[in-house]
Amino acid sequence: MEEYLLFASIGGLLFLTVLMNSVAEAYEIKQREKRILILKIKNSMDELSDLYEQLKPYNIPKAINDLLLNEIVLHLQKIQLIDHKFHGVEALLEQASGKSNAEAPPPEPANTIIKTASEFTQMISALRRLIKLLDSSAWFSTVSSEDLKTYVSEVILLRCEKIVQFYTDKANESLKNNQFIQAKEDFSYIINTLKTSGIIDNPRVQELIEQAGFMKDNISEMMEKHQAKIRLGEDAEGEENKSRLG
């Protein structure tokens, strides 16, 4: 009888140990899954925050700017729901919510003029990231597919205008140095880019295409006049040399 009780006690202890280990293991798995989920949300939030900061100089439409800020707030709230003790989340949430709920919107930044190739590349990269984000369905915010489609078109139009501004400035600089072929290539790039923008039916895009086409044709005339002037100069120089020899 004593041996039976001894074995029963040992068996009970073993069962209790296995049970405790199983509970501990399940708890650890749950905590690990929670950490992975928080990390995933935080990485997404960091990307949003980085994009939000990069876009500040480019006069993004207010509705899109507000959507990005609200999405950052919702990411923080998701993290807080999963783990309210997550380090720094309350301060970040307070800061983001303060920006989102500001009574008066901040003044719009001046229309940034892109002057260098590096600045242009950075801008195009940021706008491309924004278009990709708006074209996705990965949103915590309540936003309709129709609104997202509208926002995509607005950002594409903004990108088109920035491309026109940069390459027009570049072409004008080439014209100052009588680099007509380069200037024509710049306007050709503008036209081709606008035609493949995906919003070619937009009246503003049509207007920009017409303007670029006019400038391209005008450059052809400028080049012909410049070449004629050179030829006249050469002929005049030739006649002068002949008179001196005579």
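Author: One definition is needed before the questions: Ala, Val, Leu, Ile, Met, Phe, Trp, Tyr, Cys and Pro count as nonpolar, Asp, Glu, Lys and Arg as charged, and the others, Gly among them, as polar. The model is predicted.

Reader: Which element gives the most to the lining of the second largest pocket?

Author: The elements to consider are those giving two or more residues to this lining, namely α1 (2-55), α2 and α4. The largest share, seven residues, comes from α1.

Reader: Are α4 and α5 roughly parallel or roughly antiparallel to each other?

Author: Two packed helices are described by the angle between their axes and the distance between the axes. For α4 and α5, the axes come within 9 Å and cross at roughly 170 degrees. Angles over 145 degrees count as roughly antiparallel. Therefore α4 and α5 are roughly antiparallel.

Reader: Is the crossing of α4 and α5 left-handed or right-handed, and how do the residues of their contact divide by class?

Author: The crossing of α4 and α5 is left-handed. Residues of α4 in the contact include F120, M123 and L127, while those of α5 include R159, K162 and F166. By class, the contact of α4 with α5 has 17 nonpolar, no polar and two charged residues.

Reader: How are α2 and α4 placed to each other?

Author: Helix α2 covers residues 62-82 and helix α4 covers residues 117-134; their axes come within 13 Å and cross at roughly 75 degrees. I64, L67 and L68 of α2 make the contact with L130, L133 and L134 of α4. These contact residues are six nonpolar, no polar and no charged. An angle of 65 to 115 degrees counts as roughly perpendicular, so α2 and α4 are roughly perpendicular.

Reader: Which term describes the placing of α2 to α5?

Author: The axes of α2 and helix α5 (residues 145-176) come within 10 Å and cross at roughly 120 degrees. The range for roughly perpendicular is 65 to 115 degrees, and roughly antiparallel needs an angle over 145. The term for α2 and α5 is therefore oblique.

Reader: Which residues of α2 are in the contact with α5?

Author: α2 passes α5 in a left-handed crossing. On the α5 side, the contact is made by L148, Y151, E154 and V155; on the α2 side, by A63, I64 and L67.

Key:
Residues numbered from 1 in each chain as written. Predicted model: local features only at pLDDT ≥ 70, side-chain atom pairs only at ≥ 80, totals over all residues. Heavy atoms only, no water. Axes fitted to C-alpha atoms, helices over the stretch in contact; angles between N-to-C directions. Helix = DSSP H or I, 4+ residues; strand = E, 2+ residues; numbered from the N terminus. Parallel < 35°, antiparallel > 145°, perpendicular 65-115°, else oblique. Contact = heavy atoms within 4.5 Å. Left-handed = near helix turned anticlockwise from the far one by under 90°.
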